[in-house]
Amino acid sequence: MDYFLQQLISGLTLGSLYGLIAIGYTMVFGIIGMVNFAHGDVFMLSAFIAMIIYLILTQLLGVSSLPVVALTALIGSMIVTSAWNWSIERLAYRPLRGSFRLAPLISAIGMSITLSNFVQVVQGPRNKPISSLFTTNIVIHQGADFPVTVAYNQIIIVVGTALLLLAFWYLVQKTSLGRAQRACEQDPKMAALLGIDVDRTISITFIIGAALAAVAGSLYVMKYGVVTFSDGFIPGVKAFTAAVLGGIGSLPGAVLGGLIIGLIETFWAGYFSADYKDVAAFSILAVTLIFLPSGLLGRPEVEKV
Amino acid sequence: MASENSASPSRLALALKEGVIAALLAALLEFPIIDYQAAANIDNRLVLTSRFGLAMTIVAIVFIARVSIYLYQTRVVARAVVKVKGPSVFAPYVQWINYAGIAALVVFPFVILTLLGSGGALKWVNNYGVQILIYVMLGWGLNIVVGLAGLLDLGYVAFYAVGAYSYALLSTKFGLSFWICLPLAGILAALWGMILGFPVLRLRGDYLAIVTLAFGEIIRTVLINWTDFSNGYAGISSIPHITFFGLPFDDDDHGTFSSFFHIAYSPIHRTIFLYFLILTLALTTNFVTIRLRRLPIGRAWEALREDEIACRSLGINTTTTKLTAFAMGAMFAGFAGSFFAVRQGFVSPESFTFVESSTILAIVVLGGMGSQMGVVLAAILMIGGTEILRELEFLKAIFGKGFDPVQYRMLLFGLAMVLMMIWRPRGIISSRMPSIFLAERKSISGANVSEGHG
């Protein structure tokens, strides 16, 4: 039972990170119907940016207050990553609207390769270790064999995700920007006729997706304390799995899917074997797409001829 | 004229404004990922090194590039000339170009051998000839799935792995010869193509791509972790080398290739034999594909690619059509895989990563989906180009000692994919030859078909 509880805490933490990345996938897919393959690498890039800002603040500027450093790194990473994703959309995806069906996906795969190798070239191929932050443990339950603990950084991740989701839900449901976004999702041509700047809405979607990925990236560095250039691929595919499992296009679905994937992965590794945990995630992806293509909370896709 | 003169200063001003915006954006993007490099020191602590010089150079380049692009895009065009693209001037000679190309490929190793001697030729035939031909073959195989049937397969390398491991395991565990394993590897890979193809029949487009990617990764993870079967990360080594139909290429006086033909032993013999083997395999792939396109199944593939619903409503069984495409593509990957194993003498899961899949896909896409000649050109450009990167020693003189062109290989690869989609989404070979026609067979622009070739 204690073991279960401990695994549950780790699973929720991991699942929150996946959920944050998954939102970026699900929004972009919803609005332009494209799998943004480079999103995982945008996440990796944001983790690097957060890591370097952290090092600048602690080493070059000598800021010692940890919360200030962490918050600055987080916000800095959000801004710079958003600028990156905006530029990527502008340069690599926007010229392809109206091109043939597979063109944006292939361009996104190219962008994914470009980003990870760009980071490898400019930052070197080796692991970048900084120590994990906020690692103080709170004992929440004194078990028979070992105490069940929760670290500060785990609390920050789960609570941060929940708060962001609330803010985000408000943005999409209650503001004019969110309304424009949902309109573009349903029918971009009609939305344009009604005076919505579709290109601008799509740009903002990419910016929001990148900002959430940057939160995930910064929290990832804070939690695990190490990042390398190839860290984008596997979390990216898992987050995409989460988006599909939750029902692509659905925001609560993305987070729900992320939590489910995180929990399954953690329990799989905890109770069976860590070797095959990626196989578990990939199998869920395949099984969901084949048997439940609209996901848990998604709308069934109706194909018009 | 007068209006043009008065307009030009403001055009320049606008260009400069755009340039400044782009430069500022570049400066923001560069911060901090280029401005500072984090590298671990001896104590494994990260230390920052600033690189403002490099960052400023990039900002300047971005500024100049943006200004020139703006000026180029807004230039006053004297008269809009609508160019009607006729069929390519090469069109009547395509047949001859193909024959000349094949003849050149056949004499290539001998020409190199005479020019450079056996020491220098080894590198050329192996690194350029064999390496490029493997990718040409893989590209042609994937072309059946992606170019003809329009099924985007991101896990193609899995079948390549099945072929390679088939030969590696069958030869080391059961002592079977390469010539028995080659068809077996193809059959096993085709079987896996059907096993993996079956569940994804209902999926289309992006979803299909992602699921095939997942399958590719699952196979690789299994190869890594099922150590009893595949020896995990360590891979399978000491795979038997290729023999000349039973005669080994060894330095020995009895029963070897050199002794049988009474010639002096040279390691180049094996390489040249491998070269002709992969050339034969690749040309077989090409030949089979060309013939299949004229059969009903080939036409069904192309119909499926263009419009699945129309295809189904015309009574074509999409299940078998898709499965045969998967199986055919996988079979050729299996052949290529067993060739890879016999050439390397060693296989490990490291050779079958997603990057490999996307390389093959990039070759197919850059060549112009469905175009057989395009695949060849793209493979020469991408694989040959990256091999040439290794040779560019003079770049070290320009950019300093630490500059290693090879590490830019994948970066250039990715950028090429993106730029190709923007500028020439139809690939290098962008004209299309219809496979079925009413009165006259003439090539059309790729923009007129919805997906691929034909």
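# Legends to close-up views

**View 1. Helix α13(B) passes helix α16(B) in a left-handed crossing.** A crossing is left-handed if the near helix is turned anticlockwise from the far one by less than a right angle, and right-handed if clockwise. The structure is a predicted model, in which local features need pLDDT of at least 70 and side-chain atom pairs count only at pLDDT 80 or more, while totals for chains, interfaces and linings use all residues. Residues are numbered from 1 along each chain as its sequence is written, and chains are lettered from A and ligands numbered from 1 in the order in which they are written. Helices (H or I, at least four residues) and strands (E, at least two) are DSSP runs, numbered from the N terminus. The axes of α13(B) and α16(B) come within 11 Å of each other and cross at roughly 40°. Axes are lines fitted to C-alpha atoms, for helices over the stretch in contact, and angles run from 0 to 180 degrees between N-to-C directions. The two helices, α13(B) and α16(B), are therefore oblique to each other (under 35 degrees counts as roughly parallel, over 145 as roughly antiparallel, 65 to 115 as roughly perpendicular and the rest as oblique). On the α13(B) side, Val355(B), Thr359(B), Ala362(B), Val365(B) and Leu366(B) meet Met410(B), Phe413(B), Ala416(B), Met417(B) and Met420(B) of α16(B). Two residues are in contact if their C-beta atoms, placed from the backbone, lie within 7 Å. The residues of this contact between α13(B) and α16(B) divide into nine nonpolar, one polar and no charged. Ala, Val, Leu, Ile, Met, Phe, Trp, Tyr, Cys and Pro count as nonpolar, Asp, Glu, Lys and Arg as charged, and the others, Gly among them, as polar.

**View 2. Helix α13(B) and helix α14(B) form a right-handed crossing.** The axes of α13(B) and α14(B), the latter spanning residues 372–391, come within 7 Å and cross at roughly 125°. That angle makes α13(B) oblique to α14(B). From α13(B), the residues Ala362(B), Ile363(B), Val364(B), Leu366(B) and Gly367(B) meet Gly374(B), Val375(B), Leu377(B), Ala378(B), Ala379(B) and Met382(B) in α14(B). By class, the contact of α13(B) with α14(B) has nine nonpolar, two polar and no charged residues.

**View 3. Chain A and chain B meet through 53 residues of chain A and 51 residues of chain B.** On the side of chain B that touches chain A, the elements giving two or more residues are α1 (2–30), β1 (36–40), β2 (46–50), α6 (205–225), α13 (354–367) and α16 (409–423). Helix α6(B) gives the most to this side, with 13 residues. The side of chain B that touches chain A has 38 nonpolar, nine polar and four charged residues.

**View 4. Ala164(B) lies in helix α4 (residues 157–174) of chain B.** With 33 C-beta neighbours inside 10 Å, Ala164(B) counts as buried. A residue is buried if 20 or more other C-beta atoms lie within 10 Å of its own, exposed if 12 or fewer, and partly exposed in between, with C-beta atoms placed from the backbone. The C-alpha atoms of Ala164(B) and Gly337(B) are separated by 4.1 Å, although the two residues are 173 apart along the chain. Leaving aside neighbours within four places in sequence, Ala164(B) is in contact with Gly337(B), Ser338(B), Phe340(B), Ala341(B) and Val347(B). In chain B as a whole, buried residues make up 41% of the 454 residues.

View 5. Asn231(B) is partly exposed, with 19 other C-beta atoms within 10 Å. Ser238(B) is likewise found in the loop between α7 and β3 of chain B, with phi near 45°, again positive in a residue other than glycine. With 10 C-beta neighbours inside 10 Å, Ser238(B) counts as exposed.

**View 6. In chain A, strands β2(A) and β3(A) are joined by a hairpin through four residues.** Strand β2(A) and strand β3(A) (residues 147–151) pair in the antiparallel sense over five bridges; two strands pair if DSSP finds at least two bridges between them. Asn137(A) stands opposite Ala151(A) in β3(A). Of the six residues of β2(A) (residues 137–142), the number buried is zero, so the strand lies largely in the open.
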